[in-house]
Each structure stands twice: as structure tokens, then as C-alpha cells.
Amino acid sequence: MSSYKAPDFYQIDDLLTEEECMVRDSVRDWVSAEFMPVIEEHNRAATFPADLIPQLGELGVLGAGLEGYGCAGLSPTSYGLILQELERGDSGLRSFVSVQGSLCMFPIHAYGTEEQKQKWLPKMAKGELIGCFGLTEADFGSNPGGMLTRLDDAGDHYVLNGSKYWITNGCVADVAIVSAKLDGVVRLILVEKGTPGYSTNTIKNKFSLRASVTSELVFEDVKVPKANLLPGVEGLKGPLSCLNSARYGIAFGAVGAAMAVYDEALRYSQNRIMFDRPIARFQLVQNKLVWMINEITKGQLLAWRLGKLKESHKLHHSHVSLAKRNNCWMALECCRLARDILGANGITDEYQVMRHMCNLESVITYEGTHDIHALIVGREITGENAIM
Ligand SMILES: Cc1cc2nc3c(=O)[nH]c(=O)nc-3n(C[C@H](O)[C@H](O)[C@H](O)COP(=O)(O)OP(=O)(O)OC[C@H]3O[C@@H](n4cnc5c(N)ncnc54)[C@H](O)[C@@H]3O)c2cc1C
């Protein structure tokens with residue numbers, strides 16, 4: 001993959017600052033040099049390359065958009081471009097970084113006490129401590145407000161009961177940021193690994209996001225210190241603001257996956273000889289490649305604009321929904337077309353297209369499904385709520 005050539009048909013690089021290009025290129029080079037050589041073996045074995053976590057810390061990509069506490073304090077566009085490059089490698093790699101930065105470090109940074117920030121953020125930024133984010137339950141996915149997990153006040157501590165399902169990094173996390181109801185109101189609380197009554201199980205046999213740890217979290221009468229509650233937020237607004245930050249990153253990340261399979265399909269079409277000519281010379285093959293570069297270019301522009309809206313504090317969560325929805329869909333369609341161009345070879349893991357395609361089936365579902373995001377945008381433009 002050292003020959004990866006990122007598509008930039010509309011010279012979008014001209015819209016980026018020198019710093020944004022530099023950050024993007026350093027992550028791009030790292031993915032090519034360190035991650036691409038190992039991803040297929042990890043995908044086969046269904047393991048995450050945990051030995052690379054310290055390097056992610058050194059690269060400064062963990063919580064990269066946050067200020068202070070050892071975080072890089074980069075611009076929203078730089079943060080997005082980091083995720084684009086990581087997902088060019090694999091959605092599991094981008095998921096790891098999104099969960100750590102957007103779903104765990106962000107809420108500690110935004111809603112935590114000074115003590116919580118000092119305790120967790122510097123080590124999380126270095127990759128010395130790993131986080132997970134427990135919102136979804138087996139029976140409450142798109143409707144997290146129905147969650148059953150609850151906190152009870154027991155005087156000098158809380159007691160946590162319930163379970164969470166489909167939790168990225170769950171089994172490997174040093175700390176879980178758990179959404180639970182206290183007196184009927186959703187709160188975010190830090191639960192440390194090893195706390196009695198807190199256990200995890202790996203969700204096995206996934207076709208998708210194989211190089212990512214996905215888990216169940218179980219809480220049975222877990223005593224959690226009151227100091228672990230994130231005091232700065234109450235209600236679903238807490239977890240939803242984390243999701244908004246993560247979805248922002250996915251809008252960029254999905255473009256990276258689409259760029260990867262486009263590049264693979266383009267090069268394949270120029271080298272694959274059929275009927276004594278490269279298949280790139282056939283009009284129908286060109287049409288597929290043109291569809292891909294057309295949609296990737298639109299996706300790049302959407303993501304870039306999202307960054308600018310965020311930087312000027314004009315970003316609304318429906319903007320994020322539109323971009324997350326569009327870019328995941330377009331990336332999945334690119335995978336399907338790229339697989340078609342690769343013919344039979346496209347189904348083997350000698351090529352990356354099937355891995356990206358399978359991964360994107362999760363990415364289009366998690367952090368709000370494709371249809372839920374349609375309903376969020378629909379609610380914004382019509383004023384009518386069709387979600388419930
Ligand atoms: C690999 C992976 C990793 C994940 N990591 C995490 C994590 O780290 N933390 C976490 O908390 N969660 C995580 N999730 C969970 C993820 O966020 C949920 O799967 C997602 O929110 C969808 O919920 P669900 O799977 O229960 O689907 P459901 O909510 O059951 O939806 C099923 C279908 O019904 C549709 N639907 C539901 N409600 C409506 C409606 N009102 N109107 C129209 N259609 C509707 C959906 O669009 C979908 O097509 C992960 C999931 C996966 C697959």
C-alpha cells in the first residue's frame with residue numbers, strides 16, 4: 001500500500017491550511033508504514049493491533065481536538081483529517097481513536113471535575129489508559145432514552161446495575177463512561193476496570209470491524225464512588241453531545257475508506273488486462289470510477305464544510321447527521337463498485353475492498369443508523385418529529 005495515492009480531484013488541498021496538510025500527511029504516512037503491513041493479519045485473527053497504541057499517543061491523535069491535559073489542541077478540520085486517514089487504514093482503527101477521543105476524553109474534558117481531568121486525560125492522550133463508552137443496551141439502540149441501566153444513591157456511593165451491549169474497546173478499557181439513570185435522569189459516570197461486580201464479555205464472530213474489540217459490559221451491584229459522576233451534564237444531552245463529536249469524525253473517516261477503495265479499484269483497472277486491453281479502457285468501468293470520484297469529491301467538500309462550521313461555532317447536530325449519513329452511504333456504495341471492478345479478486349483479503357465494505361456495514365449503523373439520521377435532518381427541515 002506504499003503506493004497509495006489519495007484522490008483530490010477538486011484540489012481540495014488548496015482549501016486546507018499548511019498545518020492541516022502537515023497533520024494529515026503525517027498520519028497518512030504512519031498508516032502506510034505501520035498499520036497497513038499488519039491490518040490483514042489482525043482482520044483475519046479478529047484482533048486489534050494494541051501494540052500500536054503508544055504510537056497513536058506519540059502521533060498526538062488521541063483527543064487531538066481537545067485543549068490542555070497533554071492533548072494536541074488541533075483545529076476541528078485537522079481532527080477530521082486525522083480520522084479520514086485512520087479510516088483509510090481501517091474503520092476499526094478510526095473507531096478506536098474516535099471512542100478514546102470523542103466518546104471518552106471529550107465528556108471528561110467537557111463535564112468532568114478538575115480532579116477527573118487530571119487523573120484521566122494526560123494518560124489517555126498518551127494511550128497509557130484506554131476508555132470505552134457504554135450507552136447502547138441490547139434492547140435500546142436507536143432509543144437510548146429507554147435504557148434500563150440505573151444508579152441508586154446509597155449514601156456515600158452509588159450502586160450501578162444493568163448492562164451495555166456492542167461496546168467498542170469494552171474488554172480492554174481501563175475506564176468505562178457509562179450512561180445510567182439516577183432518579184430517572186440519564187447521567188454519565190466513570191466506572192473503573194476491576195471494580196467488583198463490573199465484568200465484560202467479548203462479542204465474537206463478527207463479519208464487520210473484526211480488527212476492533214466489541215463487548216458487553218455487565219454491572220451487578222457495582223459500588224461506584226460519588227466522585228466518579230461527571231457533574232457537568234444531565235439528561236440525554238450528555239451522551240448525545242459525545243455522539244455528535246464522534247459522528248463528526250465519522251463523516252471524515254468514511255471519506256478515507258472510500259478513498260482507499262477508489263485508489264485500489266483505479267490502479268487495478270489500469271493493470272487488469274481483459275480482451276487485450278486494460279479494463280480502465282471500457283466505458284462501463286470508467287462510469288463506475290467516475291461515480292466514485294464524483295461522490296468522494298462531494299463527500300470531501302461536505303466534510304471540509306463541516307469543519308468550517310465547527311470552527312465558526314455554527315455547527316448544528318443536523319449538519320453532522322447529514323454528513324455522517326451521506327458519507328457512510330457513499331463509502332459503502334464505493335466499496336460495492338470497487339469490488340465489482342476487482343471481479344473475483346475483490347472477494348479475497350489480498351485486496352482491502354471487502355474488509356472496508358464489511359466494516360462500513362457497522363459504521364452506517366452505529367452512532368445513529370442511516371435512517372435515524374434521515375429523521376434528524378427531516379425533523380430539522382420540517383419541524384415535525386418522525387423519530388417517535
Ligand atoms: C461494531 C459496533 C460497535 C459499536 N460500538 C458502540 C459503542 O462503543 N458504544 C455504544 O454505546 N454503542 C455502540 N454500538 C451500538 C450502535 O450505536 C447501535 O447498534 C445503533 O445505535 C443502532 O442500534 P441497534 O443496533 O439496536 O438497532 P435498532 O435501533 O434496533 O434499529 C434497527 C433498524 O430499525 C430502524 N429504526 C429504529 N428506530 C427507528 C425509527 N424511529 N424510525 C425508523 N426506523 C427506525 C433503524 O434505522 C434500523 O434500520 C456499536 C455497534 C456496532 C455494530
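Q: Helices are DSSP runs of H or I with at least four residues, strands are DSSP runs of E with at least two, and both are numbered from the N terminus. Between which two strands is the loop that holds L209?
A: This is a predicted model, in which local features need pLDDT of at least 70, side-chain atom pairs count only at pLDDT 80 or more, and totals for chains, interfaces and linings use all residues. Residues are numbered from 1 along each chain as its sequence is written. The loop that holds L209 runs between β6 (198–202) and β7 (214–225).

Q: Is L209 buried or exposed?
A: A residue is buried if 20 or more other C-beta atoms, placed from the backbone, lie within 10 Å of its own, exposed if 12 or fewer, and partly exposed in between. Because L209 has 24 C-beta neighbours inside 10 Å, this residue counts as buried.

Q: What is the phi of L209?
A: Most residues other than glycine have a negative phi. L209 is not a glycine, yet its phi is positive, at about 50 degrees.

Q: Is F275 buried or exposed?
A: F275 lies in the loop between β8 (273–274) and β9 (277–278). Although not a glycine, F275 has a positive phi of about 55 degrees. With 8 other C-beta atoms within 10 Å, F275 is therefore exposed.

Q: What distance separates the centres of domain 1 and domain 3?
A: The domain bounds come from an automatic or database domain assignment. This assignment gives domain 1 (12–126), domain 2 (131–228) and domain 3 (237–382). Taken over C-alpha atoms, the centres of domain 1 and domain 3 are separated by 20 Å.

Q: Which element gives the largest share of the side of domain 1 that touches domain 3?
A: Two residues are in contact if their C-beta atoms, placed from the backbone, lie within 7 Å. The contact takes 27 residues from domain 1 and 28 residues from domain 3. On the domain 1 side, α1 (18–45), α3 (76–89) and α4 (91–111) each supply at least two residues. The largest share, eleven residues, comes from α3.

Q: Which residues come nearest to the ligand?
A: A residue is near a molecule if its C-beta atom, placed from the backbone, lies within 6 Å of it. The shell around the ligand draws at least three residues from each of domain 2 and domain 3. Of the 22 residues around the ligand, those that come nearest are L135, T136, G141, S142 and T369.
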